[in-house]
Amino acid sequence: INYISSTTHSSSHAGYYPDALPLSIKITFDKETSRLYGAQVVGYDGVDKRIDQLAMVIKHKGTIYDLVQIEHAYAPPFSSAKDR
């Protein structure tokens, strides 16, 4: 399988909001079609929300570009505005 992996290190929620914790996301996708194959999320708060969205894209055979199009609720205590 011809794939690429990408790892992002960010925070569990907006940095200006108190108690932001480290969060790492790794995705694996097809190099040619950009189809999302797998994802791992490691952190404390908000891991479940992110993995749910990634799992939905994988289940529907979506691409990494579909991740940008997902509509999700945003609130500073729960995620970062740059959570993509």
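Student: Where in the chain does Ile1 lie?

Tutor: Ile1 is in the segment that comes before E1; helices (H or I, at least four residues) and strands (E, at least two) are DSSP runs, numbered from the N terminus. The model is a predicted one, in which local features need pLDDT of at least 70 and side-chain atom pairs count only at pLDDT 80 or more, while totals for chains, interfaces and linings use all residues. Residues are numbered from 1 along each chain as its sequence is written, and side-chain values use heavy atoms, with hydrogens and water left out.

Student: What pattern does the chain follow along the sequence?

Tutor: The order is β-β-β-α-α, which corresponds to 2 helices and 3 strands. Of the 84 residues in the chain, 29% are buried.

Student: How should I read the length of helix H1?

Tutor: The expected span of a helix is 1.5 Å times one less than its number of residues. H1 (residues 47-59) has 13 residues and reaches 18 Å from its first C-alpha to its last, close to the 18 Å expected.

Student: Which residues of H1 are buried, and why are they on the same side?

Tutor: An α-helix has 3.6 residues a turn, so residues three or four places apart point the same way. In H1 the buried residues are Val47, Arg50, Leu54 and Val57. They are on the same side of H1 because they cover an arc of only 105° around the axis, the arc being that of the directions from the helix axis to the C-beta atoms. The face turned away from that buried side carries the exposed residues Asp52 and Lys59.

Student: What do the buried residues of H1 pack against?

Tutor: Contact means heavy atoms within 4.5 Å. The buried residues of H1 pack against strands E1 (3-11), E2 (22-30) and E3 (36-43), and against helix H2 (64-69). Leu54, buried with a relative accessible area of 7%, touches Ile25, Ile27, Leu36, Ala39, Val41 and Leu67, residues up to four places away in sequence not being counted. Although Leu54 and Ile27 are 27 residues apart in sequence, their C-alpha atoms are 8.8 Å apart.

Student: How exposed is Lys49?

Tutor: Lys49, whose place is in helix H1, counts as partly exposed at 44% relative accessibility.

Student: Where do Ser34 and Lys61 lie, and what are their phi values?

Tutor: Ser34, in the loop between E2 and E3, has a positive phi near 70° although Ser34 is a residue other than glycine, and counts as buried at 9% relative accessibility. Lys61, in the loop between H1 and H2, has a positive phi near 55° and counts as exposed at 55% relative accessibility.

Terms used. Buried means under 20% relative accessible area, exposed over 50%, partly exposed in between (1.4 Å probe, protein chains only).
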